[in-house]
Amino acid sequence: MGEVREDPIGFTVVIPPARPPDGDRSGLRAITRVFPDLEEDLLLNLFHKGAKVQWTSQDLDWSPPLALTARQRQALARLLTPVYFGEQTAMVGASTILPQLMAAGETTAQLYLTSFMMDEARHFEALTRLFRKLEHDPVGLREIPELLRYHHRIRRGDRADWVWGILFSDVIAKHFYRSFGSAQADPLFGAMSQKILLDESRHLAFADHYLRRNVARMDAARRRLLLDMRDDLFRLLASMTERVRGDAAEFEVDADDYLARVWADVETFGRRIGLPDRGGDGPPPGTGPGEPTDAPAADQPDGAPQASSSRSRTVVQISRPRCFGCLLTLLSRRRLAPA
């Protein structure tokens with residue numbers, strides 16, 4: 001009959017017996033039924049919506065010059081880097097989650113995730129073209145090493161962890177595109193932002209629905225691990241935001257206010273999906289004592305405003321880091337004494 005296994009979320013999955021890997025037979029191990037259930041649920045509805053509103057960079061008008069100063073073009077390229085990297089890693093990460101959804105028999109989630117991958121691919125291609133229009137490359141990983149640590153943290157765990165990480169990332173993207181209103185005065189970036197925001201709204205609806213359904217099956221210890229992941233991701237976000245504080249100021253965006261909005265939104269989603277409150281131990285940035293985010297800012301380009309000493313750090317009270325990547329983040333903030 002095969003191996004019967006209960007996965008971390010609570011589904012019982014039948015894994016067919018292994019066969020010699022001749023041809024494509026090894027790929028059959030993830031298929032549990034030839035004719036799976038296809039219930040009319042929210043995820044199937046989101047799949048249909050996503051299929052009907054497809055767009056590409058060719059639908060945007062790239063001919064007019066950007067309505068941005070030279071410094072603003074440089075700042076926008078730096079600010080877009082985490083979002084751009086997130087689109088690429090989400091596209092790749094989704095491909096590794098699909099077999100898990102198939103093995104668990106979550107058919108409508110599989111269908112939706114295919115449209116999710118198409119969304120991420122379109123965002124990635126459009127933003128690549130935008131970087132060329134800005135005439136600036138994304139910031140390198142050496143300048144923002146938290147990008148890799150953030151990606152590593154999302155990849156740990158099972159499919160529920162991944163969806164929780166995607167929800168966190170989509171909240172970041174939503175507030176990013178909403179915050180930079182002065183940049184969106186440029187017709188090209190404004191039109192692109194509106195299209196991406198519509199896609200992100202479906203991504204958030206997917207993550208919210210999927211997690212509400214599955215978090216209810218988790219025990220208390222498993223739910224606490226999701227809170228630990230939230231804290232780890234926010235710590236990395238705060239450190240990344242500190243590196244581009246001066247760039248955000250070019251568009252009159254306050255980095256602390258931005259972080260506060262992200263934190264409040266993530267907490268709201270956490271309550272919606274059924275995560276414990278933990279007594280409100282994670283206030284928004286700057287509202288209480290806690291561990292400072294004092295990572296040194298990346299080298300600012302010529303003409304970039306430097307953050308004042310009174311606003312050089314963001315304070316967030318969060319729990320102890322639970323992953324190796326986040327431990328590296330904390331260690332990298334400490335400068336060694338000169339020899």
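Modeller: In this predicted model, D254 caps the N-terminal end of helix 9. A side-chain oxygen of D254 lies 3.0 Å from the backbone nitrogen of D256.

Colleague: What distance does helix 9 reach from its first C-alpha to its last?

Modeller: Helix 9 has 19 residues, and at 1.5 Å a residue a span of 27 Å is expected. The computed reach is close to that expectation, at 27 Å.

Colleague: Which residue just after helix 9 takes a positive phi?

Modeller: The phi in question is about 100 degrees. The residue that takes it, just after helix 9, is G274.

Colleague: How many aromatic pairs does a search of the whole structure find, and is the pair of F180 and F251 stacked or edge-to-face?

Modeller: The search finds 11 aromatic pairs. For F180 and F251, the ring centres are 5.8 Å apart and the planes stand at 80 degrees. Planes over 60 degrees apart meet the criterion, so this pair is edge-to-face.

Colleague: How many residues apart are F180 and F251?

Modeller: F180 is in the loop between helix 5 and helix 6, whereas F251 is in the loop between helix 8 and helix 9. Both residues are buried. The pair links distant parts of the chain, 71 residues apart.

Colleague: Which residue of helix 9 forms an aromatic pair with F234?

Modeller: F234 lies in helix 7, so its pairing with a residue of helix 9 ties together parts that are 29 residues apart in sequence. The pair is edge-to-face, with 4.7 Å centre to centre and 70 degrees between the planes. Both partners are buried, and the one in helix 9 is W263.

Methods. Residues are numbered from 1 along each chain as its sequence is written. Side-chain values use heavy atoms; hydrogens and water are left out. Rings of Phe, Tyr and Trp (its six-membered ring) pair if their centres lie within 6.5 Å; planes under 30 degrees apart count as stacked, over 60 as edge-to-face and the rest as tilted. Helices (H or I, at least four residues) and strands (E, at least two) are DSSP runs, numbered from the N terminus. Buried means under 20% relative accessible area, exposed over 50%, partly exposed in between (1.4 Å probe, protein chains only). The expected span of a helix is 1.5 Å times one less than its number of residues. A polar contact is a pair of N or O atoms within 3.5 Å; within protein, one must be able to donate a hydrogen and the other to accept it, and residues adjacent in sequence count only if both atoms are side-chain atoms.
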